[in-house]
Amino acid sequence: MNTQELILREKIAEYYGSIFEKELVEEIVKVGFIDKYKHGEILVDIGENMTHIPLILNGAVKIIRKEKEGEELVLYFLEKGDTCAISFINCINRKESIFRAVVENDTEAIFLPVEYIDDWLALYKTWRHFIIDSYHFRLIEMVESIDGLAFMNMNQRLMKYLGDKAKINQDVNLEITHQEIADDLNTSRVVVTRLLKQLHNEGKVYSTRNKVQVLEL
C-alpha cells in the first residue's frame, strides 16, 4: 500500500468509517484522491462538466445559484462530513453544473470520479442512505433559502446570513466586506451598509470596516 492510499484510508476511517461498509471503503480507496483548496477557489463553476464529487473532510464550501439575469444567490454551505447530493443528479445525467461551488474556508476533501456514483447507489446500502440523507438536508436548506426570499425582509435575511456564517466559521468575528455580503444576498452594498448600521445600533452586531462581530445568534 502506497502513502497516498494509506492517508486516504486513514481519512475515510476517521470521517466516514462509521457510515460506510468495508466494501465501499475499499472502493473509495481504489478510485478516490484527496485534494485541498484555499479560500475563494472554485471547486466547480456553472456550466462546467462535473468529473468528481467531493466528500468534505474539513472546511466549508459555499453553493451559489445564478439567475438568468446574471444575479447570484447563496443557497447553502457544505461542511465537514457533507457532500453536494444535488450535483449527483447532474453527474448521473451527465449534465453541466447549474451551481457554483466556492471555498468559504480552506477545505480538504476526498474526490470521487462520477462514473462510479450511480453504480454504488445500487451496490451499497450505506452509500444509498448517505446520498438520500444528503439530498434531504440540501433540499431543506434550499427551501429555507426560498422562504427567506419570500417571507423575510432584508434585515432578517442579513441576520440569518451572518448567523449562518458565524456557525460555519465557528467564530462570531467575521472578516467580510459589505460588497461580499451584498453579492451573497443578491442586493446592493448601500443596502447592506445601511442595515449593518441599524443592526449595530440595535446591539445585534458590532460592525467596523471589513469586520462584523455577531452579537446575537
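Leaving aside neighbours within four places in sequence, which residues is Leu55 in contact with? Keep in mind that you're looking at a predicted model. Select Leu55 and you'll find Tyr16, Phe20, Ile28, Asp82, Thr83, Glu108, Ala109, Ile110, Leu112, Trp127 and Phe130 in contact with it.

Now widen the view to the largest nonpolar core, which has 42 residues. Phe20, Ile28, Leu55, Ile110 and Trp127 are the ones that touch the most other members. Colour by element next: helices H1, H2, H3, H4 and H5 are among those supplying at least two residues each, and so are strands E3, E4 and E5. Apart from this core sits another one of 17 residues, including Ile176, Val192, Leu195 and Val212.

Next stop, the rings. There are nine aromatic pairs in the structure. Pick Tyr16 and Phe20: their ring centres are 5.4 Å apart and the planes sit at 5°, so this pair is stacked. Tyr16 is buried at 0% relative accessible area, and Phe20 is buried too, at 5%.

Last, go to H6 (residues 154–169) and H8 (residues 189–201). Their axes are 10 Å apart and they pack at about 80°, so the two helices are roughly perpendicular to each other. Show side chains for Met154, Asn155, Leu158, Met159 and Leu162 in H6, which meet Val191, Leu195, Leu196, Gln198 and Leu199 in H8. By class, that contact has eight nonpolar, two polar and no charged residues.

Conventions. Residues are numbered from 1 along each chain as its sequence is written. This is a predicted model: local features need pLDDT of at least 70, side-chain atom pairs count only at pLDDT 80 or more; totals for chains, interfaces and linings use all residues. Side-chain values use heavy atoms; hydrogens and water are left out. Axes are lines fitted to C-alpha atoms, for helices over the stretch in contact, and angles run from 0 to 180 degrees between N-to-C directions. Helices (H or I, at least four residues) and strands (E, at least two) are DSSP runs, numbered from the N terminus. Angles under 35 degrees count as roughly parallel, over 145 as roughly antiparallel, 65 to 115 as roughly perpendicular and the rest as oblique. Contact means heavy atoms within 4.5 Å. Ala, Val, Leu, Ile, Met, Phe, Trp, Tyr, Cys and Pro count as nonpolar, Asp, Glu, Lys and Arg as charged, and the others, Gly among them, as polar. A nonpolar core is a set of buried Ala, Val, Leu, Ile, Met, Phe, Trp, Tyr and Cys residues joined through side-chain atoms within 4.5 Å. Buried means under 20% relative accessible area, exposed over 50%, partly exposed in between (1.4 Å probe, protein chains only). Rings of Phe, Tyr and Trp (its six-membered ring) pair if their centres lie within 6.5 Å; planes under 30 degrees apart count as stacked, over 60 as edge-to-face and the rest as tilted.
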